[in-house]
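Have a look at the sequence and the model, then follow the questions.

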Amino acid sequence: MHRRSVLSLAGATLATPMLVRAADSPTELRLDYATYSPVSLVLKKFGWLDEDLKRDGIAVKWVFSAGSNRALEYLNANSIDIGSSAGLAALLAKANGNPIRTPYIFSRPEWTALVVPKDSPIKTLADLEGKKVAATKGTDPYLFLLRALQTVKLHRSDIEHVGLQHADGRAALEQGRVDAWAGLDPMMAASELDAGSRLLYRNVAFNTYGFLNVREDFLAGQPALVKRVIAAYERARLWTMANTSEAARILSEEAKVSLQVALLQLKLRTDLSQPQPSTEHIKALQAAAPILLEEQLVKPGTDLVKTVEALVDTRFAQGLIKT
């Protein structure tokens, strides 16, 4: 992506006529940001969305999400309007009644893997049987763990699951309180580089996409406002692709990790090239969905094929995505 193209996009954004705020428009937009979504950090840092909406008397309230589970909890509780999560975590939430829809993909990451200490005797997935494994329920790392175990015919009951938020899982691993951890970047990259932790099992196909989720009532009631959010995300995405080192510095500062860790996450484990929800994302979720039924994470008989179709909105962002 050339800098000239990014500047042209920025100019086009600024040149867009100001929208008059309707009587029923909100005075505040509640939006999350997360270290697992570097583009959200860029958007928050530069304040592009804040500046755009301020012209219409709409303030932006930024809320930090420590993991997909937190973002989805906030959405379900109507504490935020738009929040970022992993795709499979969003599907799990949707199947269990969280009224959300996904009109935008913020990344295609490899943000999770199974991690063990550098001197661990554990060499294979089968060695995890009976071991303590930390993972945050309702997140991609937790679902990644279940799918990984399934490849060696193990289930959730075959390990001792220790439910910890991501940062606490890393600490437990490095302190020897658990045998393995279903990690999440940038904390996983930091554990690798700073503590010598070892990735026991990687599978990029088991990492689901980064979903930008919107409460259904908000999407239906404020479609123009959601489109402005997506346009701002697009500006931040293109800037991040054109300025990866600078974006890594922003991630480094926000996540309090080294620049080397941030560069590992952004350059080697984050693909920002496919923001338009499509049949690719629908098929990927439908392929992953059976684990939710097999591990009894949703009600028996839940039609997950239809739930995926109700979650992924392949039309809303058309015309807003820049190449």
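What follows is a set of questions and answers on how values and definitions lead to each label.

This is a predicted model, in which local features need pLDDT of at least 70 and side-chain atom pairs count only at pLDDT 80 or more, while totals for chains, interfaces and linings use all residues. Residues are numbered from 1 along each chain as its sequence is written, and side-chain values use heavy atoms, with hydrogens and water left out.

Q: Why does R269 count as buried?
A: Buried means under 20% relative accessible area, exposed means over 50%, and partly exposed lies in between (1.4 Å probe, protein chains only). R269 has 6% relative accessibility, so R269 counts as buried. R269 is found in helix α12, residues 259-269; helices (H or I, at least four residues) and strands (E, at least two) are DSSP runs, numbered from the N terminus.

Q: What makes the link between R269 and E192 a polar contact?
A: A polar contact is a pair of N or O atoms within 3.5 Å; within protein, one must be able to donate a hydrogen and the other to accept it, and residues adjacent in sequence count only if both atoms are side-chain atoms. The side chains of R269 and E192 are joined at 2.4 Å, so the pair meets the distance limit of within 3.5 Å.

Q: Why is R198 called partly exposed?
A: R198, which sits in strand β9, has a relative accessible area of 25%, so R198 is partly exposed. Its side chain also reaches the backbone oxygen of I122 at 2.9 Å. Contact means heavy atoms within 4.5 Å, and the residues R198 touches, not counting those up to four places away in sequence, include L114, P117 and K123.

Q: How do you know that the buried residues of α13 line one face of the helix?
A: In helix α13 (residues 279-288), the buried residues are H281, I282, L285 and A288. Seen down the axis, they fall within an arc of 135°, so they line one face; the arc is that of the directions from the helix axis to the C-beta atoms. The face turned away from the buried side carries the exposed residues T279, K283 and A287. The buried residues pack against several elements, among them α5 (87-95), β4 (100-109) and α15 (304-311).

Q: What makes α10 largely enclosed by the rest of the structure?
A: In α10, 14 of the 20 residues are buried, so the helix is largely enclosed. Helix α10 (residues 223-242) reaches 29 Å from its first C-alpha to its last, close to the 28 Å expected at 1.5 Å a residue. The expected span is 1.5 Å times one less than the number of residues.

Q: Why are β7 and β9 called edge strands?
A: The open sheet of five strands has the order β7-β6-β8-β5-β9, with mixed pairing. The edge strands β7 (160-163) and β9 (198-201) each pair on one side only. Two strands pair if DSSP finds at least two bridges between them.

Q: How do you know that β6 and β7 pair?
A: Strand β6 (residues 132-135) and β7 have four bridges in the parallel sense, and at least two are needed, so they pair.

Q: What makes β1 mostly covered?
A: Five of the six residues of β1 (residues 28-33) are buried. β1 also pairs with strand β2 (residues 59-64) in the parallel sense over six bridges, and the partner of Y33 in β2 is F64.
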